[in-house]
Amino acid sequence: MSTELSATADNCLFCKIAAGKIPSKKVYEDDDLYAFHDIAPWAPIHFLIVPKKHITSMAHLDEADGALMGKIMTLAPQLALEQGCEPYPSGGFRVVINTGAHGGQEVHHLHVHVMGGPRPWTKG
Ligand code: AMP
Ligand code: ZN
């Protein structure tokens, strides 16, 4: 398995970002979660929400992670509005969780993309 596909908490870009060891443009932080602007946005608004604990991908979730994922999913619409997404239904936003090679996952720490703003977008 390549290094990229076997990221651990010690060797993980998003663990380092969530811990403040690598700079990012912070959107939100609490004890469990960190959110920051995507470095290569596909849309006028594009940020990522990550758990602070290392979870490799959505495929690695177990039942005990349900509350954490629920927290991410309820935080996403709040942060989307705060970041300037227009309200539903004329505005709205897109949520994407790329998982594994076929899912287009490049960074192997679970992250939720939240994208919004007027179209056209660069991608998607
Ligand atoms: P994915 O393809 O779902 O794994 O997406 C990884 C995302 O992380 C891409 O949209 C990248 O632009 C973004 N990304 C990579 N490195 C950084 C970084 N240092 N700061 C912010 N976003 C990043
Ligand atoms: Zn990590």
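H111 has its place in the loop between β4 (93-96) and β5 (112-116), where helices (H or I, at least four residues) and strands (E, at least two) are DSSP runs numbered from the N terminus. With a relative accessible area of 6%, H111 is buried; the word buried means under 20% relative accessible area, exposed means over 50%, and partly exposed lies in between, with a 1.4 Å probe and the protein chains only. The side chain of H111 reaches the backbone oxygen of H109 at 2.7 Å, which is a polar contact, that is, a pair of N or O atoms within 3.5 Å, of which, within protein, one must be able to donate a hydrogen and the other to accept it, while residues adjacent in sequence count only if both atoms are side-chain atoms.

The model is predicted, so that local features need pLDDT of at least 70 and side-chain atom pairs count only at pLDDT 80 or more, whereas totals for chains, interfaces and linings use all residues. Residues are numbered from 1 along each chain as its sequence is written, chains are lettered from A and ligands numbered from 1 in the order in which they are written, and side-chain values use heavy atoms, with hydrogens and water left out.

H111 also belongs to the surroundings of ligand 1, which comprise 16 residues, the closest being D38, N98, E106, H111 and H113; a residue is near a molecule if one of its heavy atoms lies within 4 Å of it. These shell residues divide into eight nonpolar, six polar and two charged, where Ala, Val, Leu, Ile, Met, Phe, Trp, Tyr, Cys and Pro count as nonpolar, Asp, Glu, Lys and Arg as charged, and the others, Gly among them, as polar.

Backbone atoms of the protein meet ligand 1 at several points. A polar backbone atom of E106 is 2.6 Å from an oxygen atom of the ligand, a backbone N or O atom of V107 lies 2.9 Å from an oxygen atom of ligand 1, and a polar backbone atom of I39 is 3.1 Å from a nitrogen atom of the ligand. Taken alone, ligand 1 exposes 500 Å², of which the protein buries 85%, with accessible areas from the Shrake-Rupley method and a 1.4 Å probe.

The space that ligand 1 takes is the largest pocket. On a 1 Å grid over the protein atoms alone, a pocket is an open set of points with protein on both sides within 12 Å along at least five of seven lines, and a molecule sits in one if more than half of its atoms lie within 2 Å of its grid points. Two or more residues of the shell come from each of α1 (13-18) and β2 (33-37), and α1 gives the most, with three residues.

Away from the ligand, the loops deserve a look. G84, in the loop between α2 (66-82) and β4, is partly exposed, with a relative accessible area of 41%, and its C-alpha atom is separated by 20 Å from that of H111, 27 residues apart along the chain. P89 also has its place in the loop between α2 and β4, and a cis peptide bond with omega of about 10° joins Y88 and P89. In the segment after β5 lies P120, and the peptide bond from R119 to P120 is likewise cis, with omega near 10°.

G103, found in the loop between β4 and β5, is partly exposed at a relative accessible area of 31%. L75, by contrast, is found in helix α2 and is buried, with a relative accessible area of 8%.

Definitions and conventions
1 Å grid on protein atoms, 1.4 Å probe; cavity = no way out; pocket = protein on both sides within 12 Å on 5 of 7 lines; lining within 4 Å.
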